[in-house]
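I set out to record the annotated spans and the strand arrangement of this entry. My notes follow in the order in which I looked things up.

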Amino acid sequence: MSLLIFDLIENSLRNLGRAKIRTLLTLLGVIIGISAIVSLMSVGNGFSNSIESQLTELGSNTIFVIPMGSSFVKNTRMTPGDISFMEGVAGVTQVAPVYSTSAMLEFNKQKINVQVSAVDSKNANIFDNTGSFTVAEGRFAGANESGSIVIGDKISNTFFDKKIEIKKLVKLNGEEYRVIGVLAPQNQSFGGGFSGSTSVLMSLEAFKRIVPNPSAQIIFVKTISAESVNLVASDIKEYFEEKYGEGVVIVSSAEQLLEQVEAILGIVTIFLTGVGGIAILVGGVGITNSMVTSVLERTKEIGIMKALGASDKIILSIFLLESAFIGAVGGIIGIIVGYTLAIIIAFIAEMSGVPIIPDINLEITIGALIFSMIVGMLAGYFPALRASKMDPVSALRYE
Amino acid sequence: MNRFKTKFSQILNNMAKTNEVLRLDKVSKIYGMGGEKVIALNNVDVTIFRNEYTSIMGPSGSGKTTLLDVLSTMSKPTSGNVFIEGVNTTKMTNSELASFRGNTIGFVFQTFHLFPRLTALENVMTPMWINGVPRIEREARAKTLLEKVGLKDRMEHKPGELSGGQKQRVAIARALAMNPPLIVADEPTGNLDTKSGEIVMDIIKKLHKDEKRTIILVTHDKNVGKQAEKHIYIKDGKIIKNEKIETNKKTK
């Protein structure tokens with residue numbers, strides 16, 4: 001049998017080659033299925049990795065306070081009292097509300113919508129001390145500079161036909177600002193889910209010119225140590241539950257948030273993989289269909305092969321190899337297409353402010369390849385078995 | 001597989017001992033399960049000795065084709081036993097039987113049954129890879145065989161580019177690929193013009209005369225069948241005549 005394997009492979013390849021269009025169409029089905037699974041897994045993993053690294057980067061001593069609103073209040077506004085309560089909780093070292101909105105950025109008669117974020121003067125360090133944001137050129141805006149902004153590298157370099165140089169004047173929702181710094185290129189996004197590359201950062205004073213009465217989207221609470229995080233978080237949570245009711249304000253440590261996000265992502269990934277699985281199933285049915293036709297067409301040939309000494313096992317191997325080959329080639333192309341799609345999706349996501357590095361790893365690659373071959377073999381098994389069990393005499397005289 | 005190998009070496013041993021290549025022992029073949037039954041072969045006994053050139057003749061519907069199928073192990077008898085080289089083939093599994101057939105019987109069919117997408121050379125090599133002949137031996141052997149049937153300059157041609165007579169000669173070369181002890185030819189001239197038919201019959205005759213091969217020729221054509229040394233006539237599933245023509249006068 002070991003001697004035979006090369007002959008069997010050669011024979012199978014020849015047979016696939018003679019029904020080119022059918023082979024190609026069958027391949028297409030497998031490619032669609034495998035590329036769907038690969039791209040979804042790659043993007044899913046990449047997204048979850050990027051969230052994970054963001055949250056870990058923010059540190060294990062960070063608590064996020066996110067006002068969500070309830071059925072009565074659309075967007076719960078944090079009052080100065082709320083802020084000072086949090087500042088007063090034992091173990092808290094910093095309370096930094098982050099304000100963000102989207103605004104129309106106008107430069108050189110071109111208008112593009114961007115994400116604008118701000119912190120108040122005493123928390124001005126929050127942008128740089130996370131390590132997420134570094135100014136490549138220029139500097140961050142000072143606390144009371146209401147006319148200066150820092151822009152992301154993508155806004156500076158690629159968003160507009162003309163590069164926005166430092167010291168240029170731009171308009172945000174019609175208000176005039178001067179660019180005093182450009183951020184260094186980076187892939188991490190800040191806790192609020194916006195990317196530095198595509199953001200405009202400014203002081204709260206400057207932000208008030210666009211949104212006169214701003215309300216914090218997210219508040220970062222830093223504690224002395226990682227150990228005190230849970231205690232502080234439950235104190236803050238209790239306070240808000242008493243004041244606004246349950247679930248109106250989300251209070252979560254980086255770790256808790258990570259767990260929640262991963263749980264949600266897990267469900268989404270399972271669902272999407274299921275969709276990919278259905279696509280692969282359809283691809284498999286395509287293989288079965290094509291092999292059934294092929295077996296029928298080659299009935300006479302099967303009879304001749306049997307007369308010449310081909311055992312059931314040889315006939316079975318010939319057809320199984322053909323379907324496994326379709327599976328494998330479909331798998332390889334599907335993996336390449338899948339990763340390409342993942343890169344495109346990641347690129348689009350980044351343009352819309354959600355940075356994802358598609359996860360291209362050996363596990364997904366090998367897994368997808370083995371999976372596609374198994375699908376190929378399973379799908380081809382029934383037709384191959386039928387071919388191998390054919391009666392030699394009736395196969396030989398089949399017209 | 002190993003079981004088969006020991007069996008095969010037994011066969012080789014037997015070959016030295018016995019002169020009997022093929023023996024059908026009280027073989028019957030009945031078609032149609034339930035309902036109307038057709039007795040295609042009725043208690044047939046046939047023995048073919050080494051180096052015999054036998055023709056099986058009979059009108060259509062006589063059971064001639066069924067006899068061919070059963071004696072060539074392509075189909076199993078309903079009752080009775082088929083011995084090839086002293087081995088009872090009726091007890092083998094389908095896969096054992098296929099490998100056994102590949103090594104002991106060479107087929108020549110009326111409609112050639114070549115693989116249309118393979119060249120003449122590749123067609124002759126096919127039984128060799130199926131039966132596990134090492135790659136390096138195949139080509140040389142196939143070339144020798146094609147030369148023997150006079151197709152030295154047609155080796156790279158596909159069946160579609162060959163005449164009927166040439167196709168049948170490729171088929172004969174293929175039948176010899178495994179050097180089987182028995183050649184079974186089913187109406188080998190049935191699809192050929194007179195001249196090509198004669199060439200093919202000459203090759204078969206030479207295989208018998210010069211190479212001492214054992215040949216069974218199945219035909220409805222008396223003129224073709226008469227060329228054999230032993231004539232078996234079948235009618236209604238029974239052997240009605242089995243005559244050995246004593247040493248023909250050397251007319252040629």
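Predicted model: local features only at pLDDT ≥ 70, side-chain atom pairs only at ≥ 80, totals over all residues.

The UniProt record, an unreviewed entry, annotates it as "transmembrane region", together with residues 21–43, 263–288 and 360–382 of chain A. I then checked residues 21–43 of chain A, which are likewise 100% helix and 0% strand; here the end C-alpha atoms lie 32 Å apart.

I turned next to chain B and its open sheet of 6 strands. I read the strand order as S6-S7-S8-S3-S9-S10, with mixed pairing. The edges are strand S6 (105–108) and strand S10 (238–244) of chain B, each of which pairs on one side only. On average, neighbouring strands of this sheet are turned by 15° against each other, direction ignored. Within the sheet I looked up strand S3 (residues 53–57) and strand S8 (residues 214–219) of chain B, which run parallel and are joined by 5 bridges. Thr54(B) stands opposite Ile216(B) in S8(B).

I then noted an open sheet of 4 strands in chain B, ordered S2-S1-S4-S5 with antiparallel pairing. Strand S2 (38–49) and strand S5 (87–88) of chain B form its edges, each pairing on one side only. Strand S1 (residues 20–31) of chain B pairs with S2(B) over 8 antiparallel bridges, and I located Leu41(B) in S2(B) as the bridge partner of Lys29(B).

Last, I examined helix H2 (residues 64–71) of chain B, which lies across S1, S2 and strand S4 (79–84) of chain B. Helix H2 of chain B runs at about 55° to S2(B).

Definitions and conventions:
Residues numbered from 1 in each chain as written. Chains lettered and ligands numbered in written order. Pairing = 2+ DSSP bridges. Helix = DSSP H or I, 4+ residues; strand = E, 2+ residues; numbered from the N terminus. Axes fitted to C-alpha atoms, helices over the stretch in contact; angles between N-to-C directions. UniProt positions renumbered as here; feature names shortened; annotations may be inferred. Contact = placed C-beta atoms within 7 Å.
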